There are 2 protein chains.
Amino acid sequence: MTTARVRDQYHHGDLEVALITTARKFVKKNGLESLSLRQIANEIGVSPSAAYHYFPDRNSLLAALGFTLFEELADYQERELAKVAGASARAARERFRVLGRTYFEWAIREPHFFNLMFSDFCLIESSVEQTREENRAYQTLVNCLDDLVEAGSMDKKLRVSAELLSWSVVHGTTSLIVSGHLDTEDFERALDSLELALGIRR
Amino acid sequence: MTTARVRDQYHHGDLEVALITTARKFVKKNGLESLSLRQIANEIGVSPSAAYHYFPDRNSLLAALGFTLFEELADYQERELAKVAGASARAARERFRVLGRTYFEWAIREPHFFNLMFSDFCLIESSVEQTREENRAYQTLVNCLDDLVEAGSMDKKLRVSAELLSWSVVHGTTSLIVSGHLDTEDFERALDSLELALGIRR
DNA sequence: CCCTTATCTGAACAATGTACAGATCATAGA
DNA sequence: TCTATGATCTGTACATTGTTCAGATAAGGG
């Protein structure tokens, strides 16, 4: 493996990436609160203060991690979405549900990631790149809804702000389930209710 | 003022409440991350370890604070709701919007409180009392929707899971706005879109 | 080959959460 | 009224944390 980390060397060579990767591992396991820069440095085999060459402080590292997570989510969504391509009404509707489900499943599988992405750390500086990442996912949703209208399987009158409504429902239920205020099965119920309200026919 | 805090006394007399009250003040100003047990103890004029007689750790104090915040929100909602009492269709519809707006305004006014309420701290032990507090607000929403159906100003077919859908939209937009992923004005847009989708007539 | 610059170390500091032994008080029972 | 018991708080201590900064080390261009 050429990717094996070269330790016992004064210059790590890939420290910035290693910091984010290791931070990802720790957050995945234990969440944000317990994340320690020193533990990360220790794991990589580097001095506690080495990180400060790449990030001004702990929060910035978390923000950087958050950005990569938004990328991961968008990639995952597009990958799943590709499986239900097609111009048919049935395919468009399936894409709509896949968009919601992937969002939800991602959050359920990695709740600590979800929490980080929508925490204070990730709004310190809403970087241009980050909003672009979000727009990528948001645009996919917009296209999906347009497809539904075009296929004649959705009420045209309800198209106004339907993307805002959809994202809110999906994010809302997900957030409430992750934080323990709703049960897991409520997600599919909410999605059904949303489709019914938007006049998406099956 | 008999409520003036008696300092320079060995026994504080009201420490548990004082801890929560002071924690509330600090969270309100600076959020969760920077909250320090020692600062709180210092502010009250008590030893750093005094808190451990009432709370096993820092997280428990935050959880206790979170519970009182759920109470505050429910109280605030009921107070505002009382202003639009009445059996008319217009009143029922106004109550629906007030329920959403109070939730949103509460979160915008005190974003740090909102973050705490839906953070990991408040799900450590979903106490029976807390779920009861939530049910109080949730039941209010259910009643409101029933009123709308009864007044004939809402599509009966869409009544199924309408409370789940409504709460998700309101919480979702609020969460996304607080975390900087949507603009403030998107809330009213989402509420309009929700009413339109649910067939709530004006 | 040297020297500039990027990269990392090591030691230090203040602040934090938490544990624990003991001091202080409040109060019920004699 | 005295006393002993339990509740309440102090003081000290420890490990861990984020962060700073002066200096060591290596890489790469002239």
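Reader: Before we start, how do you number things, and what makes a feature count?
Author: Residues are numbered from 1 along each chain as its sequence is written, while chains are lettered from A and ligands numbered from 1 in the order in which they are written. This is a predicted model, where local features need pLDDT of at least 70 and side-chain atom pairs count only at pLDDT 80 or more, while totals for chains, interfaces and linings use all residues.

Reader: Why is Gly100(A) called buried?
Author: A residue is buried if 20 or more other C-beta atoms, placed from the backbone, lie within 10 Å of its own; 12 or fewer make it exposed, and anything in between partly exposed. Gly100(A) has 25 C-beta neighbours inside 10 Å, so it counts as buried. Gly100(A) sits in helix H4 (residues 89-109) of chain A. Apart from its neighbours within four places in sequence, Gly100(A) is in contact with Val170(A) and Leu191(A), where contact means that the C-beta atoms, placed from the backbone, lie within 7 Å.

Reader: And why is Phe118(A) buried?
Author: Phe118(A) has 23 other C-beta atoms within 10 Å, so it is buried as well. Phe118(A) belongs to the loop between helix H5 (111-117) and helix H6 (128-150) of chain A. Leaving aside its neighbours within four places in sequence, Phe118(A) is in contact with Ser175(B) and Ser179(B).

Reader: How much of chain A is buried?
Author: Buried residues make up 36% of the 202 residues in chain A.

Reader: How many residues does the largest nonpolar core have?
Author: The largest nonpolar core has 101 residues. Such a core is a set of buried Ala, Val, Leu, Ile, Met, Phe, Trp, Tyr and Cys residues joined through C-beta atoms within 7 Å. Among those with the most contacts inside the core are Leu116(B) and Met117(B). On helix H3 of chain B, the buried residues include Gly66(B), Leu69(B) and Phe70(B).

Reader: How do you know that the span of helix H3 (residues 58-82) of chain B agrees with what it should be?
Author: The expected span is 1.5 Å times one less than the number of residues. For the 25 residues of H3(B) that should be 36 Å, and the end C-alpha atoms are 37 Å apart, so the two agree. Helix H8 (residues 186-198) of chain B passes too: its 13 residues should span 18 Å, and its end C-alpha atoms are 18 Å apart.

Reader: What follows just after H8(B)?
Author: Gly199(B) comes there, with a positive phi of about 75°. Within H8(B), the buried residues include Phe187(B), Ala190(B) and Leu194(B). The cover over the buried residues of H8(B) includes helix H7 (162-178) and helix H8 (186-197) of chain A.

Reader: What makes the relation of chain A to chain B that of a two-fold axis?
Author: Chain A can be laid on chain B with an RMSD of 0.0 Å by a turn of 180° and a shift of 0.0 Å along the axis. That is the relation of a two-fold axis. The superposition is by least squares on the C-alpha atoms of residues with pLDDT of at least 70 in both copies. In chain A, the C-alpha of Gly172(A) is nearest the axis, 1.8 Å from it. The same surface serves both copies, as 100% of the contact residues of chain A recur in chain B.

Reader: Which residues are closest to DNA strand D?
Author: The closest are Ser49(A), Asp57(A), His12(B), Ser47(B) and Ser49(B), out of 22 residues that surround DNA strand D. A residue is near a strand if its C-beta atom, placed from the backbone, lies within 6 Å of it. Helix H2 (residues 37-44) of chain A gives the largest share of the surface near DNA strand D, three residues.

Reader: And which are closest to DNA strand C?
Author: DNA strand C is surrounded by 21 residues, the closest being His12(A), Ser47(A), Ser49(A), Ser49(B) and Asp57(B). Helix H2 (residues 37-44) of chain B gives the most to the surface near DNA strand C, with three residues.

Technical notes. Helix = DSSP H or I, 4+ residues; strand = E, 2+ residues; numbered from the N terminus. Contact = placed C-beta atoms within 7 Å.
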